[in-house]
Amino acid sequence: MATAVGTLIDSPLTIAGRVFRSRLMVGTGKYRNNETMVRAIEASGAEVVTVAVRRVDLNRREADGVLYHLDPELYFLLANTAGCYTAEEAIRYARLAREAGFNEFLKLEVIGDRETLLPDTAGLLQAARILVSEGFQVMAYTNDDLITALRLEDAGCAAVMPLASPIGSGLGLVNPYGIRTIKKRLSVPVIVDAGVGTASDACVTMEQGVDGILMNTALAEAADPVTMGAAMRLAVESGRQAFLAGRMPRREIAAPSSPTTGMLG
Amino acid sequence: MTKVRAGAAETRETANAGTLGEKLIELNGEPRKVVAASALDLLRSLEIDPRTVVLELNRQVVRRTELESTPINEGDRVELVHFVGGG
């Protein structure tokens with residue numbers, strides 16, 4: 001990353017004492033092929049990549065697991081509980097993921113509705129409490145509600161992951177106020193998860209002051225996922241720098257940029 | 001002498017029923033006849049590298065180090081999972 005002289009040096013993203021090299025996290029689902037996925041993730045500069053837990057297809061002989069394509073030495077694999085609709089189910093998947101995986105981190109999802117994939121916050125809190133007590137570092141996918149975010153922090157979550165907009169929607173950041181408020185009030189890292197559609201969405205999201213973004217579909221469904229990966233890397237860095245720089249105030253009237261004195265008589 | 005031999009044969013027969021006999025289990029939601037004494041045997045019979053999957057037996061995760069010592073019994077419900085692409 002080229003950094004001009006005199007710009008602010010940012011501290012790295014740290015979750016539960018673990019330092020990460022990028023504020024951008026990416027998913028591994030829905031890519032047209034594995035080669036494109038690997039190149040897009042490389043271009044994004046992400047270190048954390050999410051994976052899901054599913055049954056092995058016993059009728060397929062060739063290796064179809066994602067670990068055949070992503071080197072666990074290069075990437076930090078974050079298992080999710082995507083597709084789980086109850087706390088019990090999410091806990092079951094979490095325990096399987098821990099045995100399959102390489103770390104204690106978990107992206108906890110408890111979904112409440114099939115159409116919007118919005119979280120079931122009651123089930124989420126219930127699962128979070130149990131998994132924290134079992135030693136998981138829980139990163140909880142939640143909505144943009146401050147109170148739920150506060151409760152998740154109280155439950156001992158390592159990070160809280162409010163949505164920008166519904167999973168896979170690409171609608172961008174629909175509630176900047178909500179996300180900003182969560183960030184201001186929480187001590188644990190806030191990683192916005194889901195809904196980012198393009199680079200400007202990522203930039204605006206980072207400008208709210210959040211610690212990072214997790215995205216999947218924005219890369220996987222771009223016409224050119226590799227170039228979008230590179231764009232997202234720049235957007236996340238750009239938004240972060242802009243946040244640190246502190247934006248100018250908004251005004252409803254113009255303020256001239258050139259001197260108003262010294263005009264010709 | 002005769003008694004001892006009969007006893008040995010009987011023991012072998014019992015052992016065969018335990019290790020080589022077919023058992024009907026539920027594997028990833030489907031009924032399946034398997035020949036496996038242990039969870040590790042089961043993975044071997046399916047030609048699956050134990051390092052690439054996680055095995056759940058009757059809703060309990062079986063740790064990799066315990067695959068060999070975990071018996072597979074008639075009627076067991078076994079799930080084999082791994083990591084796939086996801087967001």
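This is a predicted model: local features need pLDDT of at least 70, side-chain atom pairs count only at pLDDT 80 or more; totals for chains, interfaces and linings use all residues.

First thing I asked: among contacts in chain B between residues at least 6 apart in sequence, what percentage join residues at least 24 apart? I got 46%, with contact meaning heavy atoms within 4.5 Å.

Residues are numbered from 1 along each chain as its sequence is written, chains are lettered from A and ligands numbered from 1 in the order in which they are written, and side-chain values use heavy atoms, with hydrogens and water left out.

**Chain B**

I listed the secondary structure and got 2 helices and 5 strands for chain B. Read from the N terminus, the order is α-β-β-α-β-β-β. Here helices (H or I, at least four residues) and strands (E, at least two) are DSSP runs, numbered from the N terminus.

I then checked burial: of the 87 residues in chain B, 36% are buried. My cut-offs were under 20% relative accessible area for buried, over 50% for exposed, and partly exposed in between (1.4 Å probe, protein chains only). Chain B exposes about 5400 Å², and carbon and sulfur atoms supply 50% of that. The areas are Shrake-Rupley with a 1.4 Å probe, and for residues only the protein chains shown count as cover.

**Where B meets A**

B:His82, B:Phe83 and B:Gly87 supply 32% of what chain B buries against chain A, more than any other three residues.

I counted 3 salt bridges between the two chains, using a side-chain nitrogen of Lys or Arg within 4 Å of a carboxyl oxygen of Asp or Glu. One I wrote down is B:Glu56 with A:Arg92, whose closest N and O atoms are 2.6 Å apart. Polar contacts between chain B and chain A come to 14 residue pairs (both at pLDDT 80 or more). The rule there is a pair of N or O atoms within 3.5 Å; within protein, one must be able to donate a hydrogen and the other to accept it, and residues adjacent in sequence count only if both atoms are side-chain atoms.

**Salt bridges in chain A**

A:Asp10 pairs with A:Arg23 at 3.2 Å between the closest N and O atoms. A:Asp10 sits in the segment before β1 (13–15) and A:Arg23 in the loop between β2 (18–20) and β3 (24–26) of chain A, so the bridge ties together parts 13 residues apart in sequence. A:Asp10 is partly exposed at 24% relative accessibility, whereas A:Arg23 is buried at 11%.

A:Asp10 also bridges to A:Arg240, at 2.8 Å. A:Arg240 is in helix α8 (residues 225–245) of chain A, so this pair ties together parts 230 residues apart in sequence. A:Arg240 is buried at 10%.

I also logged A:Lys183 with A:Asp211 at 2.8 Å, N to O. A:Lys183 is in helix α5 (residues 176–185) and A:Asp211 in the loop between α6 (199–207) and β10 (212–215) of chain A, 28 residues apart. A:Asp211 is buried at 13%. Shared partners join A:Asp10, A:Arg23 and A:Arg240 into one network.

**Helix α4 and the cysteines**

In α4 (residues 146–154) of chain A, the buried residues include A:Leu146, A:Leu150 and A:Leu152. The buried residues of α4(A) pack against α3 (121–133), β7 (137–142), β8 (159–162) and α5 of chain A. After α4(A) comes A:Gly156, with a positive phi near 100°.

A:Cys157 is buried at 3%, and A:Cys203 is buried at 15%.

Conventions: Buried area is the accessible area (1.4 Å probe) that two parts lose on being put together, summed over both.
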